[in-house]
Amino acid sequence: MTRDAGPVAVLGLGTMGSGLATRLLDRGVRVRVWNRTAERAEPLARAGAFTAVSPADAVEGTSAAICTVADGDALAAVLRGPGGILARGPYPGSLVCAGTVAPEEVVRLAGDTGSVLDVGMLGNREHARTGELRLFVGGEERVFTAGRPLLELLGKEVVHLGALGSGMRMKLLLNLLMGIEVQALAEAVELAAAAGLDRELALTTIAGSGFASPVMAFKSRRLAAGRFDEPDFRLRLMAKDLLLAADQAEAAGLRLPLAAAAAETHVRATRMGHGDEDCVAVSHALTPKAGTGRDH
């Protein structure tokens, strides 16, 4: 992608959306941004982004629009609600749906829109800012080919998986693994503490062992510090993705006991008030106190 390709809109300025917009600005791309709560756009405006008053305003004159909103309802509002991208008719640029929603939602909301990609993003806020994401893409081959230069600005690995919806399917199974692994780490540490072992020593041992995945080693630092603020990935979003994965499994006739257990625990921790904390806050649902008021 060149600087002359036209501005790019970024809609939804949470952890990942803000990172993507920052990356594009750093690479000399003109950026137009929109967020439901306008104050989130202020740092990007100071960095040179144009702040729009609606999704339709944000995509005016752009060559591509990246939607990084949190769920299917938010995506529906951005695309087809009042002031939405598609409210005035077809969008002529490339429409990139990068927030995690049900694969079927992307297909339904896209409708007959000509150039749509769904992109499962693997990485954290720092990866988004530095172009180190891994991007898994669904959509027609011609649309992927046209959108690839933009995606390669944002990710170190860009993989085309197939038809529209494929990117979300890959993202859901990756988040399924992450949710189970982080919960397993939290369970092991709670058991260690209950058995009289030192929590920090248990975490250090687990993180340094061959049994720990990279995400366990990364999240172990948060658990050791008891730091759940400034989340890399909010617990309520993990709960949402685990439920979406469970829906996919049910539709396919699969029984996934670990996925079901992880979804239940993450939902419980969200109901306890930890939804906007980092996903390692699932540990709050594992304490004896949590078990006395268990939600089903």
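Biologist: What should I know about the model and its numbering before we start?
Modeller: This is a predicted model, in which local features need pLDDT of at least 70, side-chain atom pairs count only at pLDDT 80 or more, and totals for chains, interfaces and linings use all residues. Residues are numbered from 1 along each chain as its sequence is written, and side-chain values use heavy atoms, with hydrogens and water left out.

Biologist: How many residues has helix 7, and what does it span?
Modeller: Helix 7 covers residues 141-154, which is 14 residues, and runs 19 Å from its first C-alpha to its last. That is close to the expected 20 Å, where the expected span is 1.5 Å times one less than the number of residues. Helices here are DSSP runs of H or I with at least four residues, strands are runs of E with at least two, and both are numbered from the N terminus.

Biologist: Where does helix 7 kink?
Modeller: The kink, of about 50°, is at R148, shortly before the proline P149. The bend at a residue is the angle between axes fitted to the seven residues ending there and the seven starting there.

Biologist: Which residues of helix 7 are buried, and what covers them?
Modeller: The buried residues are V143, F144, G147, L150, L151, L153 and L154; buried means under 20% relative accessible area, exposed over 50%, and partly exposed in between, with a 1.4 Å probe and protein chains only. Their cover includes strand 1 (8-11), helix 1 (15-26), strand 4 (64-67), strand 6 (116-122), strand 7 (133-138) and strand 8 (155-162).

Biologist: Turning to the largest nonpolar core, which members touch the most others?
Modeller: Of its 32 residues, L24, V31, V33, I66 and V119 do. Helix 7 gives the largest share of this core, 6 residues. A nonpolar core is a set of buried Ala, Val, Leu, Ile, Met, Phe, Trp, Tyr and Cys residues joined through side-chain atoms within 4.5 Å.

Biologist: What is L24 in contact with, beyond its sequence neighbours?
Modeller: Leaving aside neighbours within four places in sequence, L24 contacts V8, V10, V29, V31, I66, L150, L153 and L154, a contact being heavy atoms within 4.5 Å. Another core, of 27 residues, lies apart from the largest one and has L185, V189, A281 and V282 among its members.

Biologist: Now to charges: how many salt bridges are there?
Modeller: The count is 19, taking a salt bridge as a side-chain nitrogen of Lys or Arg within 4 Å of a carboxyl oxygen of Asp or Glu. One of them joins D232 and R222 at 3.1 Å, N to O. This pair links distant parts of the chain, with D232 in the loop between helix 10 (214-225) and helix 11 (235-251) and R222 in helix 10, 10 residues apart.

Biologist: Are D232 and R222 buried or exposed?
Modeller: D232 is buried at 17% relative accessible area, and R222 is buried at 4%.

Biologist: And R142 with E140, buried, exposed or partly exposed?
Modeller: R142 is partly exposed at 48%, and E140 is partly exposed at 47%. Their side chains meet in a salt bridge of 3.0 Å, N to O.

Biologist: Last topic: what is the phi of E230, and where does that residue lie?
Modeller: E230 has a positive phi of about 45° although it is not a glycine. E230 lies in the loop between helix 10 and helix 11 and is exposed, at 57% relative accessible area.
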